[in-house]
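Grab a pencil and work through these exercises with the model open beside you. Each task comes with a solution in steps.

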Amino acid sequence: AQLNLIARATGKLYFGTATDIPVLNDTAYTAILNDTKQFGQITAENSMKWLLTEPSRGNFTFQAADTIAHLAETQHKLLRGHNCVWHNQLPDWVTAGNFSAPVLASIITTHCSTLVSRYRGHVYVHSWDVVNEPFNEDGTFQSNVFFDTLNISYIPIALHSARSADPLAKLYINEFNIEYAGPKSTGMQNLVKSLKRAGVPIQGIGLQFHMTVGEVPSTAQLAANMAAFTALGVEVAITELDVRMTLPATPALLAQQKADYEAIIAACHITARCVGVTVWDFTDKYSWVPGAFAGLGAACPWDENLEKKPAYEGIVKGF
Ligand code: XIL
């Protein structure tokens with residue numbers, strides 16, 4: 001059983017993975033990546049971020065981003081653009097205090113529309129994460145250069161400019177720790193409501209799903225939270241799935257991880273408007289987790305030797 005085939009057979013648009021330039025010369029890796037039966041969608045792990053696409057003002061560099069878009073095109077995969085506006089991996093020139101509100105608004109507009117329009121009109125473009133991680137854990141808005149200068153108006157500014165740059169891509173806001181009920185998920189629901197009320201283009205909410213083994217809520221809880229979003233008239237997608245564990249991996253942890261993956265996939269499976277699933281790279285060989293969370297890792301469905309783990313079967317069972 002292969003993941004994209006199963007996902008599509010059960011009505012999803014895709015099963016996909018993050019990937020990026022540094023790993024594309026590993027031929028054992030790309031043999032799996034390029035198998036469209038496994039992966040029907042990709043997200044650039046870093047290459048479309050602001051730091052890499054507009055390192056100085058008005059100087060757009062698309063070589064790396066184009067490589068990933070070209071990979072989507074040649075391997076017949078959908079592409080999720082990631083991302084237009086985020087407070088991390090920003091170049092130094094985008095700093096609070098450097099710009100007045102109208103100037104920063106025009107910087108956001110130029111950045112989003114230049115980035116999004118570059119890939120418009122290609123059948124492979126499924127969606128854009130137009131805004132990434134706008135919330136604090138308590139559901140208030142994150143203080144950053146965008147919010148501190150423009151308050152929440154930066155969100156409709158980004159969405160409107162993405163919409164005029166590409167009339168067909170699904171426009172998403174993407175966030176972590178909104179996979180289950182709580183103040184952050186409620187904050188996102190309130191944002192969706194207010195954007196919809198104001199006629200701002202928003203089609204989807206990305207649930208990142210960076211989770212921890214043994215701490216994954218039940219399928220029913222996850223599905224209820226997805227339903228709270230879809231009831232507002234947006235689709236949802238699982239955009240950055242991984243389930244990390246304390247290293248070293250043990251058979252017990254790997255078995256729990258399999259159950260955790262199954263519970264997550266099952267929530268998407270029973271949610272008609274959960275359109276697809278993306279893992280944040282498919283192999284422990286290239287996962288961001290050990291670099292970001294000290295002592296944790298082994299978060300992906302394939303291990304460091306590119307062998308399938310029990311988690312892989314959990315995904316299959318979840319669909
Ligand atoms: C991560 C990448 O995986 C790392 O390589 C990079 O150093 C930092 O960013 N949420 C997101 C992603 O939306 O863009 C992040 O990706 C992981 C958390």
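**Exercise 1.** Find the buried residues of α12 and say which elements they pack against.

*Solution.* Start with the buried set of α12: Ala311, Tyr312, Gly314, Ile315, Val316 and Gly318. Buried here is under 20% relative accessible area, exposed is over 50%, and partly exposed is in between (1.4 Å probe, protein chains only). Next, look across from those residues: they pack against α1 (3-9), β1 (14-19) and α10 (251-269). Helices (H or I, at least four residues) and strands (E, at least two) are DSSP runs, numbered from the N terminus.

A quick note on the ground rules: this is a predicted model, where local features need pLDDT of at least 70, side-chain atom pairs count only at pLDDT 80 or more, and totals for chains, interfaces and linings use all residues. Residues are numbered from 1 along each chain as its sequence is written, and side-chain values use heavy atoms, with hydrogens and water left out.

**Exercise 2.** Is Lys317 buried or exposed, and which residues is Lys317 in contact with beyond four places in sequence?

*Solution.* First place the residue: Lys317 belongs to helix α12 (residues 310-318). Lys317 counts as exposed because its relative accessibility is 51%. Now skip the neighbours within four places in sequence, and you're left with contacts to Lys258 and Glu262; contact means heavy atoms within 4.5 Å. Finally, check Ile6: it sits 311 residues from Lys317 in sequence, yet the C-alpha to C-alpha distance is 9.8 Å.

**Exercise 3.** Work out which residues come nearest to the ligand and how much of its area the protein covers.

*Solution.* There are 13 residues around the ligand, and Glu45, Lys49, His82, Asn132 and Glu240 come nearest (near means a heavy atom within 4 Å). Then go through the side-chain N or O atoms. One in Glu45 is 2.4 Å from a ligand oxygen, and one in Glu240 is 2.7 Å from a ligand oxygen. On its own the ligand has 420 Å² of accessible area, and the protein covers 78% of that (Shrake-Rupley method, 1.4 Å probe).

**Exercise 4.** Which residues does a cis peptide bond join at Asn83 and at Pro248?

*Solution.* Take Asn83, in strand β3 (residues 78-85): the cis bond joins His82 and Asn83, with omega about -5 degrees. Then move to Pro248, in the loop between β8 (235-246) and α10. Here the cis bond joins Leu247 and Pro248, and omega is about 0 degrees.

Notes:
A polar contact is a pair of N or O atoms within 3.5 Å; within protein, one must be able to donate a hydrogen and the other to accept it, and residues adjacent in sequence count only if both atoms are side-chain atoms.
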